Amino acid sequence: MSNESKCPVAHGAKAHSNRDWWPDRLDLQFLNQHAPQSNPLGGSFDYAKEFKSLDLNAVIADLHKLMTDSQEWWPADFGHYGGLFIRLAWHSAGTYRISSVSRR
């Protein structure tokens, strides 16, 4: 047995793209690790019932106010934050990492 240290990086191995990992090799089991007691809404929370109780017109009005209320410390481009919200969603989804490089 050798006591020689080995590099943990697999040199020469093919790099994986997002398409290689999704959906077949992406392990999501760790998302189920929390006990029901850690749910802040409680076990009896009915999401569908609560959603139906929303005044969607008021939600839309609140979103419109949020997106058009330009702040001095971060002015909205062209008077609307919609473009910023879209860009942040794009980055958080990770889609900027997908390239058009052909797979070998």
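**A walk around the nonpolar patch**

Guide: Let's start with the nonpolar patch: helix H2 (47-52) and helix H3 (56-68) each supply at least two of its residues. Keep in mind that this is a predicted model.

Visitor: Which residues make the nonpolar surface patch?

Guide: They are Leu-41, Phe-45, Tyr-47, Phe-51, Leu-54, Leu-56, Val-59, Leu-63, Leu-66 and Phe-85, and the patch comes to about 930 Å². H3 gives the largest share of it, 4 residues.

Visitor: What makes Leu-56 partly exposed?

Guide: Leu-56, by the way, sits in helix H3. Its relative accessible area is 42%. Buried would need under 20% and exposed over 50%, so Leu-56 falls in between and counts as partly exposed.

Visitor: What span does H4 have, and what span is expected?

Guide: H4 covers residues 82-93 and reaches 17 Å from its first C-alpha to its last, close to the 16 Å expected at 1.5 Å a residue.

Visitor: How many helices and strands does the protein have?

Guide: You'll find 4 helices and 0 strands, so the order from the N terminus reads α-α-α-α. Of the 104 residues, 6% are buried. The protein exposes about 10,200 Å², with carbon and sulfur atoms supplying 58% of that.

Visitor: Which element has the lowest mean pLDDT, and which the highest?

Guide: Helix H1 (residues 18-21) is lowest at 66, while H3 is highest at 93. Across the protein the average is 76, and 64% of the residues score at least 70.

Notes: Residues numbered from 1 in each chain as written. Predicted model: local features only at pLDDT ≥ 70, side-chain atom pairs only at ≥ 80, totals over all residues. Heavy atoms only, no water. Buried < 20%, exposed > 50% of the residue type's maximum accessible area, 1.4 Å probe, protein only. Areas by Shrake-Rupley, 256 points an atom, 1.4 Å probe, with all protein chains shown as cover. Expected span 1.5 Å × (residues − 1). Patch = residues over 30% accessible without salt bridge, like charges linked within 9 Å, V, L, I, M, F, W, Y side chains within 5 Å. Salt bridge = Lys/Arg side-chain N within 4 Å of Asp/Glu carboxyl O. pLDDT = per-residue confidence, 0-100.
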